[in-house]
Amino acid sequence: MTVNMATPVAGVALLPLLSLGLLFVLGPLPGGGSCGCQGGSREHAGEHSKQAAHRYSREANQPLREEPTRTPPQMVLVPAGVFTMGTDEPGIPPDGEGPARRVHIDAFHMDRHEVSNAAFKQFVDSSGYKTEAEQFGDSFVFEGLLSEEVKSSIQQAVAAAPWWLPVKGANWKHPEGPDSNIFERMDHPVLHVSWNDAVAYCTWAGKRLPTEAEWEYACRGGLENRLFPWGNKLEPKGQHQANIWQGVFPTSNTAEDGYLQTSPVTEFPPNGYGLYNMVGNAWEWTADWWTVHHSPEETHNPTGPPTGTDRVKKGGSYMCHKSYCYRYRCAARSQNTPDSSASNLGFRCAADVVSED
């Protein structure tokens, strides 16, 4: 299957847009292009997100359950170990992928797969939570997934990446705008989830977001210094191992891996730790603030800088292609503001190991 889209025209005037509490750098359609992996961002507003961890915790919504004494359902135990984080041969040097450094990680639990629409719906039904995309009234959607009706009503785009359009009514329940739904995608990753939304879900579930170091350690699945969770060859024996873009970005996606957009959260083989879709499918939030400066010194359970403006996301998405966004590697990384949301951005949870004593 081939999907054709208009090729962006270079040259865009930048202008600020303040709308519905959002802050974007937008330009008129069509416009010039760059990576666009960040999608759009918002200036954080209100007390909602600051209080989310308490208001949507299990304590605030239902009785506490007993402390877990074994690996929680739908999670795997990632064993303690030492690994080489980052790389001295970065695919995208400005992202701060290097230097390679030795990192010690304590054992922890990790969700087997990205949080699905079905799981997120349970959270919303239990807590009454409203995502930031729902509160702001719009979210960013890849142009190629929009209906002509929705597309015709949009007059502006992200100047540096004109395939990202702010769509009114786009949120986790309507990933491509108000005329779309998730009825046939309950086993796909939930999308349009901000970092703040992800923290609220993890807190409700009695979990947390993984640190960047934990995420990368888990991604590698016990392999050392490999590009992908399964090794160095993108398609070993000609088999697709992840949901990424095939074709020419952003004008055509041949969907040779079987998926034009997201795939089920347990599609494609798991890595050595039993984790699915650690790269491709949907970007995944981590707990860390963003920085591109890393010490080469050996560390234990690093948690990133104490403050920042953006949070780290890992793993790439179904939109990633080597020609423009070679970030479906374990060492790759990108960032967004904590209130950002988009049609390729999701998450999975981690949890501390609780002793049986």
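Just after helix α6, G206 takes a positive phi of about 75 degrees. Helices (H or I, at least four residues) and strands (E, at least two) here are DSSP runs, numbered from the N terminus. This is a predicted model, where local features need pLDDT of at least 70, side-chain atom pairs count only at pLDDT 80 or more, and totals for chains, interfaces and linings use all residues. Residues are numbered from 1 along each chain as its sequence is written, and side-chain values use heavy atoms, with hydrogens and water left out.

**Helix α6**
- Eight of the 10 residues of α6 (residues 195-204) are buried, so the rest of the structure largely encloses this helix. Buried means under 20% relative accessible area, exposed over 50%, and partly exposed in between (1.4 Å probe, protein chains only).
- The buried set is W195, N196, D197, A198, A200, Y201, C202 and W204.

**Helix α3**
- In α3 (residues 117-127), the buried residues are N117, A119, F120, F123, V124 and S127.
- They cover an arc of only 165 degrees around the axis, which puts them on the same side of α3; the arc is that of the directions from the helix axis to the C-beta atoms.

- Three strands make an open sheet in the order β5-β6-β14, with mixed pairing; two strands pair if DSSP finds at least two bridges between them.
- β5 (81-85) and β14 (299-300) are the edge strands, each pairing on one side only.
- β6 (residues 101-105) pairs with β14 in the parallel sense over two bridges, and H104 stands opposite H300 in β14.
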